[in-house]
Amino acid sequence: MSENKNVAFIGLGIMGLPMAKNLVKAGFQVTGYNRSPEKAQDLASAGGTAAASVAEAVANADVVITMVPDSPDVEAVVGGADGVFANAKKGALWIDNSTIRPDVAVVLADDARAAGLRPLDGPVSGGEAGAIDGVLSIMVGGEKADFDDAETVLNAIGKTIVHVGPSGSGQTVKAANQLIVASNIQALSEAVVFLEAYGVDTQAALAVLGGGLAVLTTEVGYAGSGWKSS
C-alpha cells in the first residue's frame with residue numbers, strides 16, 4: 001500500500017542490511033536498528049536512519065521487519081517493555097523475515113495481534129546474493145489481507161513472493177525447503193566421494209553435471225568456483 005512508507009528494520013546482518021538498503025532504494029523511509037551500531041550507521045550512509053533502540057526504530061513505523069538469527073532472537077526483539085509489540089503503533093504490519101520454528105511463529109503472531117499489530121511470517125531463501133540483488137524468494141504466512149497490504153514492501157526485497165497459508169505457514173514451507181536442501185547436499189557429497197574413488201577429474205565432472213538434469217532437479221548446484229545453495 002502506498003501509505004506504508006515508514007519501515008523499521010530490526011537486524012542488519014548479512015541478509016538484513018542489503019534488504020534494508022533495497023527498501024531505501026525503492027523509496028521507503030527506513031529506520032534501522034542492530035545490536036552492532038555500526039551496521040545501523042551503514043544503513044544511514046545509504047539514505048536510511050539509524051536508531052539507538054528497537055523502541056526508537058518502530059515508534060513511527062507503518063511496517064516493522066525483523067531479520068534476526070533464530071527463534072529466541074525474535075522473541076527478544078519483539079517482547080518486553082522496549083520491544084516491537086510494546087512500542088509499534090496499532091495497525092502496523094509486522095513481517096518476520098527470520099527463519100524460526102513454525103510453532104513459535106504461531107504463538108508470536110497471536111501475541112502480535114493481541115498488541116494490535118498485523119503479523120506475517122515471511123522467511124526468505126536466496127542467500128546473501130539474493131538479498132543484495134533484491135531477488136529473494138519469500139514464503140509468507142498470515143492473513144491474506146495483510147499479505148496484500150505488504151506487497152509493495154515485499155516486492156522491494158524479493159522476486160518470488162507467495163502467500164502460503166495462515167500464520168506459521170511461511171516457516172513451515174521454509175523448513176521443507178531446508179529439508180530438500182540438506183538432502184541434496186548429502187547426495188552431492190556422496191557423488192563427489194564416488195567420483196574421487198574412481199579417479200575422475202572432479203572439477204570437470206561437476207562442471208558438466210551442472211549443465212545437465214542433476215542441477216535442474218536440485219536447489220544446490222555447482223557454480224564453477226564452488227558450491228552454492230539457495
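**Close-up views of a predicted model**

**View 1. The salt bridge of Arg118 and Asp146.** Arg118 counts as partly exposed, with a relative accessibility of 22%. The model shown in this and the following views is predicted. The side chain of Arg118 meets that of Asp146 in a salt bridge, with an N to O distance of 3.4 Å. Arg118 belongs to strand β6 (residues 118-121) and Asp146 to helix α8 (residues 144-149), so the pair ties together parts that are 28 residues apart in sequence. Asp146 has a relative accessibility of 8% and therefore counts as buried, the limit being under 20%. Arg118 and Asp146 are also members of a network of salt bridges that takes in Asp149.

View 2. Lys21 and Asp42 form a salt bridge in which the closest N and O atoms are 3.1 Å apart. Lys21 is in helix α1 and Asp42 in helix α2; the two residues are 21 residues apart, and the pair links distant parts of the chain. Asp42 counts as partly exposed at 31% relative accessibility. Lys21 likewise counts as partly exposed, at 25% relative accessibility. A search of the whole structure finds 7 salt bridges.

View 3. Asp110 and Arg113 form a salt bridge, with 3.7 Å between the closest N and O atoms. Both residues lie in helix α6 (residues 102-114), where they are 3 residues apart, about one turn of the helix. Asp110 has a relative accessible area of 46% and is partly exposed. Arg113 is also partly exposed, with a relative accessible area of 33%.

**View 4. The largest nonpolar core.** This core has 31 residues, and those with the most contacts inside it are Phe9, Met19, Leu23 and Val30. Two or more residues each come from β1 (6-10), α1 (16-25), α2 (37-45), β4 (63-66), β5 (93-96), β8 (136-142) and α9 (151-155). Helix α1 makes the greatest contribution to the core, with 5 residues. When neighbours within four places in sequence are left aside, the contacts of Phe9 are Gly16, Met19, Ala20, Leu23, Val30, Thr31, Gly32, Tyr33, Ile65 and Met67. Another core, of 25 residues, lies apart from this one; Val54, Ala105, Ala112 and Ala115 are among its members.

**View 5. The largest pocket.** The space in this pocket amounts to about 330 Å³. It is lined by 18 residues, of which Gly11, Arg35, Met67, Val68 and Pro69 are the closest to its centre. Helix α4 (residues 71-78) gives the most to the lining, with 4 residues. Classified by residue type, the lining comprises 11 nonpolar, 5 polar and 2 charged residues. Met67, one of the residues closest to the pocket centre, is also in contact with Phe9.

**View 6. The largest cavity.** A search of the whole structure finds 1 cavity of 30 Å³ or more. The largest cavity has a volume of about 60 Å³. Its lining is formed by Trp94, Asp96, Ile100, Ala105, Leu108, Ala109, Pro119, Leu120, Asp121 and Ser167. Elements β5, α6 and β6 each give two or more residues to this lining. By class, the lining residues divide into 7 nonpolar, 1 polar and 2 charged.

**View 7. Asn177 in helix α10.** Asn177 lies in helix α10, which spans residues 169-197. The residue counts as buried because its relative accessibility is 8%, which is under 20%. The C-alpha atoms of Asn177 and Asp121 are separated by 15 Å, and the two residues are 56 residues apart along the chain.

**View 8. Thr202 in helix α11.** Thr202 is located in helix α11, which spans residues 202-209. Its relative accessible area is 14%, and Thr202 is therefore buried, as this value is under 20%. With neighbours within four places in sequence left aside, Thr202 is in contact with Val192, Leu195 and Glu196.

Technical notes:
Residues are numbered from 1 along each chain as its sequence is written. This is a predicted model: local features need pLDDT of at least 70, side-chain atom pairs count only at pLDDT 80 or more; totals for chains, interfaces and linings use all residues. Side-chain values use heavy atoms; hydrogens and water are left out. On a 1 Å grid over the protein atoms alone, a cavity is a set of points where a 1.4 Å probe fits but cannot get out, and a pocket is an open set with protein on both sides within 12 Å along at least five of seven lines; lining residues have an atom within 4 Å of a point. Grid points are joined across faces, edges and corners, and a volume is the space filled by probe spheres set on the points. Ala, Val, Leu, Ile, Met, Phe, Trp, Tyr, Cys and Pro count as nonpolar, Asp, Glu, Lys and Arg as charged, and the others, Gly among them, as polar. A nonpolar core is a set of buried Ala, Val, Leu, Ile, Met, Phe, Trp, Tyr and Cys residues joined through side-chain atoms within 4.5 Å. Buried means under 20% relative accessible area, exposed over 50%, partly exposed in between (1.4 Å probe, protein chains only). Contact means heavy atoms within 4.5 Å. A salt bridge is a side-chain nitrogen of Lys or Arg within 4 Å of a carboxyl oxygen of Asp or Glu.
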